[in-house]
Amino acid sequence: MRIKFIKEKRKKVMSKVNKEALKSGKVLRYLRDAFLNDQTVMNLSPLFDCLIDSDLYIPMNVIMSNEDINTFKNSNVGDVVSLNNNIRMKPDWLKINDESEELYFPIFSSIDEATDNYRKNFSWINLSLDDCIRFVRGNEKCIGLVLDAFTKPVVITDKILDALESILKERRKKENNK
């Protein structure tokens, strides 16, 4: 009976939300706060759904060749600049505990959830949760995600990360069968 109630509540919350509403991050922050206030499965489940459907904000370092950097420096406002080399984006990694080598992949419900100093030092892109999990799995020192690390952090590791990955795999499977 409890699982049926949770599924019905999740459908009710998520049926009122469209992609535009998710883009601002307000729904994700609301569900994050509900979970942090009462850390139960009933509050975790809608948070999962929203994380899966949201475009998350990711801090990235832009890596360019010295040649291309100089091209930008020597250009004027309004100039069309052509680059000779590839531009790479490298994600930031956070340490929650200075005594550990374990890293977390930071995800944000909006750029405003980062501190001013942190926010100014990165370029920001939107990624899906699926892509974020791939970054986690691709770095052997990374043990999970941290949502809104500087305001109201939600750490997602181990079984919770595995559960999200499983839900995403099921969704992809259903989408491919349509």
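In H3, the buried residues are Val-27, Leu-28, Arg-29, Leu-31, Arg-32 and Phe-35. Buried means under 20% relative accessible area, exposed means over 50%, and partly exposed lies in between, with a 1.4 Å probe and protein chains only. Helices (H or I, at least four residues) and strands (E, at least two) are DSSP runs, numbered from the N terminus. The model is predicted: local features need pLDDT of at least 70, side-chain atom pairs count only at pLDDT 80 or more, and totals for chains, interfaces and linings use all residues. Residues are numbered from 1 along each chain as its sequence is written, and side-chain values use heavy atoms, with hydrogens and water left out.

How far can the model be trusted? Mean pLDDT, the predictor's confidence in each residue from 0 to 100, is 86 for the protein. A value of 70 or more is reached by 89% of the residues. Confidence is highest in S3, at 96, and lowest in helix H1 (residues 2-15), at a mean of 50. Where pLDDT is low, the predicted coordinates should not be read in detail.

Now the overall layout. The protein has eight helices and six strands. Along the sequence they follow the pattern α-α-α-α-β-α-β-β-α-β-α-β-β-α. Of the 178 residues, 36% are buried. Contact means heavy atoms within 4.5 Å. Among contacts between residues at least 6 apart in sequence, 70% join residues at least 24 apart. The accessible surface comes to about 11,400 Å², by the Shrake-Rupley method with a 1.4 Å probe; for residues, only the protein chains shown count as cover. Carbon and sulfur atoms account for 49% of that surface.

Next, the interior. A nonpolar core is a set of buried Ala, Val, Leu, Ile, Met, Phe, Trp, Tyr and Cys residues joined through side-chain atoms within 4.5 Å. The largest one has 30 residues. Leu-51, Ile-107, Leu-129 and Leu-145 have the most contacts inside it. At least two residues each come from helices H3 (26-37), H4 (41-53), H7 (129-137) and H8 (158-177), and from strands S1 (56-63), S3 (103-107), S5 (142-147) and S6 (154-157). H4 gives the most, with six residues.

What does Leu-145 touch, leaving aside neighbours within four places in sequence? Its contacts include Tyr-104, Phe-105 and Ile-107. Leu-129, Cys-132, Ile-133 and Val-136 are also among them.

Val-146 sits in strand S5. Its relative accessible area is 2%, so it counts as buried. Phe-105 is 41 residues away along the chain, yet the two C-alpha atoms are separated by 6.2 Å. Not counting residues up to four places away in sequence, Val-146 touches Leu-94, Ile-96, Tyr-104, Phe-105, Pro-106, Ile-107, Pro-153, Val-154 and Val-155.

Back to the helices, with a check on geometry. The expected span of a helix is 1.5 Å times one less than its number of residues. H4 has 13 residues and reaches 18 Å from first C-alpha to last, close to the 18 Å expected. H4 is mostly covered, with ten of its 13 residues buried. These include Asn-43, Ser-45 and Asp-49, as well as Leu-44, Leu-47 and Phe-48.

Cys-50 of H4 is buried too, with a relative accessible area of 0%. Cys-142 also counts as buried, at 8%. With a disulfide taken as a pair of cysteine sulfur atoms within 2.5 Å, the count comes to zero.

Finally, some charged residues. Not counting residues up to four places away in sequence, Arg-29 touches Ser-24, Ser-109, Ser-110, Glu-113 and Asp-148. Asp-148 lies in the loop between S5 and S6. Asp-148 is buried, with a relative accessible area of 0%. Its phi is near 50 degrees, a positive value in a residue other than glycine. Asp-158, found in helix H8, has phi near 45 degrees, again positive in a residue other than glycine. Asp-158 is exposed, at 57% relative accessible area.
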